[in-house]
Amino acid sequence: MALRNAVMAALLEGEASGYDLAKAFDATVANFWMSTPQQLYRELDRMEAEGLVTARVVEQERRPNKRLFSLTEAGRKAVHAYTAEPLGKPAVIRDELLVKVQCLDAGDMEAVRTAITERMEWATAKLDRYERLRQRLLDGRSEEAYFAEAERIGPYLTLLRGMSFERENLQWGDMVLRRLERRTAALRTDG
């Protein structure tokens with residue numbers, strides 16, 4: 001998937017500056033797509049040159065002017081075309097923590113345990129952020145009411161996937177820590 005598709009998905013929410021998009025990426029699409037602000041600005045410039053987005057300049061006092069981007073009709077057609085394309089290969093996991101876990105029998109088990117604990121803390125913090133976002137989206141409604149009334153449900157559905165992913169990270173981390181503790185205890189009694 002190209003960064004432009006994630007940018008177009010974010011712009012479906014409405015007009016936004018590059019700064020707003022970078023913040024939105026961190027708060028919403030970060031559960032499935034990562035980008036640096038520099039990559040984002042370069043992509044916005046390319047998309048503007050290709051006519052997928054348009055930008056208007058907003059003059060500000062005491063601050064640099066900012067450009068607000070929005071999808072053009074060509075951009076909306078590109079979103080439609082993108083969603084109609086067949087999927088590529090499923091994503092693969094490339095996670096340094098898993099490599100460390102793979103090596104833990106010959107490595108520093110305490111360091112790996114610490115890394116797992118840190119990952120679990122990270123997942124917990126992300127889940128907390130995602131839950132705050134979920135509550136904002138629901139705005140006091142039940143999920144059923146949200147799905148029946150909301151103009152767009154895609155952001156909520158991807159948020160649920162991100163929450164599921166982080167819950168699985170916590171479950172896996174908990175299971176690994178329990179197994180490591182049992183193994184450590186068994187090695188102490190055998191030794």
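I need one definition before anything else: a residue is buried when its relative accessible area is under 20%, exposed when it is over 50%, and partly exposed in between, using a 1.4 Å probe and protein chains only. Now the caveats. This is a predicted model, in which local features need pLDDT of at least 70 and side-chain atom pairs count only at pLDDT 80 or more, while totals for chains, interfaces and linings use all residues. Residues are numbered from 1 along each chain as its sequence is written, and side-chain values use heavy atoms, with hydrogens and water left out.

Start with helix α1. Helices here are DSSP runs of H or I with at least four residues, strands are runs of E with at least two, and both are numbered from the N terminus. Which residues of α1 are buried? They are Leu3, Arg4, Asn5, Ala6, Val7, Met8, Ala10 and Leu11. That is 8 of the 9 residues of α1, which spans residues 3-11, so this helix is largely enclosed by the rest of the structure.

Glu43 sits in helix α3, residues 37-49. Is Glu43 buried or exposed? Its relative accessibility is 7%, so Glu43 counts as buried. By contact I mean heavy atoms within 4.5 Å. Setting aside residues up to four places away in sequence, Glu43 touches Leu3, Arg4 and Val7.

Now the chain as a whole. The protein chain has 8 helices and 3 strands. In sequence order the pattern is α-β-α-α-β-β-α-α-α-α-α. The radius of gyration, taken over C-alpha atoms, is 21 Å. A compact globule of 191 residues would come out near 16 Å, by a rule of 2.2 Å times the number of residues to the power 0.38. The C-alpha atoms fill a box of roughly 70 × 45 × 40 Å along the principal axes.

For the chain of 191 residues, 30% count as buried. The accessible surface is about 13,000 Å², and 53% of that belongs to carbon and sulfur atoms. Those areas come from the Shrake-Rupley method with a 1.4 Å probe, and for residues only the protein chains shown count as cover. Among contacts with a separation of 6 or more, 57% are between residues 24 or more positions apart.

On charge, there are 30 positive and 31 negative charges, and their mean positions are 1 Å apart. Lys and Arg count as positive, Asp and Glu as negative, and His and the chain ends are not counted. Each charge is placed at NZ of Lys, CZ of Arg, CG of Asp or CD of Glu.

Next, the sheet. Two strands pair if DSSP finds at least two bridges between them. The 3 strands make an open sheet in the order β1-β3-β2, with antiparallel pairing. β1 (16-17) and β2 (53-58) are at the edges with a single partner strand each, so one side of each has no neighbour in the sheet. β2 pairs with β3, residues 66-71, over 6 bridges, and β1 is joined to β3 by 2 bridges. What is the bridge partner of Arg56 in β3? It is Leu68. Leu68 is also the bridge partner of Ser17. Ala55 stands opposite Phe69 in β3.

Two loop residues have positive phi without being glycine. Arg62, in the loop between β2 and β3, has phi near 65°. Arg62 is exposed at 86% relative accessibility. Asp139, in the loop between α6 and α7 (143-149), has phi of about 50°. Asp139 is exposed too, with a relative accessible area of 63%.

Ala125 is in helix α6, residues 109-138, and is partly exposed at 37%. Its C-alpha is 9.5 Å from that of Glu166, 41 residues away in sequence. Leu160 is in helix α8, residues 154-190, and is partly exposed at 27%. Which residues does Leu160 contact, leaving aside neighbours within four places in sequence? Arg134 and Glu143. The C-alpha atoms of Leu160 and Glu131, 29 residues apart along the chain, are separated by 9.3 Å.
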